[in-house]
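Me: Please take a close look at one part of this protein for me: its aromatic rings. Which of them pair up, and where do they sit?

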Amino acid sequence: MSFVVLLNLLVKPGWVVVENLVQDRLGHATFGLITALSALTLVVAALSDLGLTPYSVQRVAAEPTFMAETFPTLLPLRGALNAVALAAMLGVGWVLGYRGSELVLLAAIGIALLLTQYGQFLRGTLQAHQKFNTDAVLSVVEKFVLLGAVLVLLPVGLTLPRYVGARLGAAAFTTVVLYGLMTRLFGRVKYRWQGLVARTALRASLPFAFMTLLYGVNERIDMVMLERLASPTEAGYYAGAYRWVDAVMMYAWTVLPLFFAKFASVARDASAQRQLLWFGQRVLTLPLLFVVAFVLFRGEVLFWQFSHSTPAEVARMTWCLKILFINVLVHAFFAIYSTLLTSTTHERAVSWLVAGSIFLNIGLNLFLLPRYGAVAASLDTLLCAAAVSVGYLVLVAQRTGVGVPFRLLARLLLAFGLLCGSWYMLQYGFSKALSWWVEAGVMAVVFGVIVLGTGLVRRNEIMALKR
């Protein structure tokens with residue numbers, strides 16, 4: 001897992017920087033359209049997998065004969081589902097009002113995504129056979145190829161067709177590599193259709209598909225609705241801000257699965273879960289507190305690459321960024337409670353919470369997006385995250401013996417308040433005369449003092465780490 005994290009940490013920052021350059025060159029409206037179409041394909045693409053990838057990983061890992069007996073049917077089934085998903089994408093796009101060149105663009109983006117997901121399905125064979133290092137390298141091949149292609153295109157001239165073509169080419173290249181590697185390691189799979197095998201696999205994988213679809217809709221619906229109800233330009237502003245949220249939240253999505261496994265391993269021991277929760281709460285929250293404070297006071301520096309944007313456009317993206325990072329703050333405090341619940345057989349209740357969040361989000365979007373655009377989308381995201389987080393706390397209090405550590409939450413909130421107050425005083429005293437990196441360095445030291453002073457990290461814990 002550490003190797004996977006390391007590779008993604010190498011790729012993710014580079015990709016954020018390159019995507020900023022792409023958006024700056026193509027323009028907010030064009031990039032907003034691309035992002036909305038990509039979000040739409042991600043939602044509909046749940047049809048292309050229907051949970052077959054996690055299902056096959058489970059079965060191949062548990063039964064060595066499963067691959068030889070079932071993959072001859074699963075591979076053509078997976079290909080047929082890709083065709084169904086592509087038709088569904090185009091159909092949904094037509095219903096939403098996309099026409100002509102927009103539908104062609106949707107098809108190209110959709111094919112690239114479906115190839116990527118087919119590659120992930122093929123990678124499942126490597127995961128099931130415990131070839132994790134090989135899988136880790138292959139998980140970033142497409143991003144590396146696309147990064148290289150975009151960097152080549154930037155000096156030549158980056159246009160919409162070239163960018164979408166680069167995405168499609170990178171996805172196709174990676175899929176061919178994965179298929180070739182799979183056949184080399186495990187032998188060529190001869191397709192053999194068996195209706196009973198296909199029906200059994202689909203029935204067993206549907207629960208995975210439901211969860212994928214639910215979380216996909218929850219995360220991506222904002223972008224599609226914003227582009228349709230407001231404008232592609234507003235969608236571009238939101239995309240420019242959300243890109244940084246996605247990059248920062250990678251820390252949370254790396255840490256939380258580790259605690260998922262830990263919580264599950266002591267599912268019957270409330271005391272052990274409580275200790276894990278207190279530890280995990282600090283590990284997850286403390287780094288994000290500093291990042292959120294930096295964005296609230298210095299968020300504009302993250303848009304330094306947008307040289308073709310007006311000050312008003314950068315200001316609007318900055319507003320969206322600050323609102324979205326308050327959403328990050330909410331996740332920093334409460335996401336671990338979702339992990340606790342889903343790891344202890346309360347995943348159905350969490351799914352209902354997410355479903356309720358989707359309906360609330362759609363309702364708010366219909367009312368606010370046409371008038372307030374990207375800022376409204378950011379605010380709706382925050383309100384939905386806050387509502388779901390309250391639900392997490394209620395469920396933890398009612399359904400687990402762990403309890404909510406309100407004193408710890410209060411100390412974390414106090415630490416954040418002291419950090420923001422100190423940052424405000426520093427800016428007030430120097431009238432923003434300091435460079436942003438000097439300011440951030442000073443506040444990092446101040447935050448360390450605050451964390452020690454509030455007892456969130458004790459000296460004996462630091463000394464224990466040094467041993």
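Reply: Here is a walk through the aromatic rings and the charges placed over them. Keep in mind that this is a predicted model.

Start with the count. The model holds 12 aromatic pairs. One of them joins phenylalanine 259 and phenylalanine 279. Their ring centres are 6.1 Å apart.

Now check the surroundings of each ring. Phenylalanine 259 has 9% relative accessibility, so it counts as buried. Phenylalanine 279 has 44%, so it counts as partly exposed.

Next comes a pair within one helix. Phenylalanine 334 and tyrosine 337 have ring centres 6.3 Å apart. Their planes lie at 40°, so this pair is tilted. Both residues lie in helix H13 (residues 311-342). They are 3 residues apart there, which means about one helical turn separates them. Phenylalanine 334 and tyrosine 337 are both buried.

Some rings gather in a group. Phe290, Phe294, Phe297, Trp423, Trp436 and Phe447 make up one aromatic cluster.

Last, look at the charges. Arginine 99 places its charged end over the ring of tryptophan 94, 3.5 Å from the ring centre. Arginine 228 has its charged end over the ring of tyrosine 98, at 3.9 Å from the centre.

Note on methods:
Residues numbered from 1 in each chain as written. Predicted model: local features only at pLDDT ≥ 70, side-chain atom pairs only at ≥ 80, totals over all residues. Heavy atoms only, no water. Phe/Tyr/Trp six-rings, centres within 6.5 Å; stacked < 30°, edge-to-face > 60°. Buried < 20%, exposed > 50% of the residue type's maximum accessible area, 1.4 Å probe, protein only. Helix = DSSP H or I, 4+ residues; strand = E, 2+ residues; numbered from the N terminus. Lys NZ or Arg CZ within 6 Å of the ring centre and 35° of its normal.
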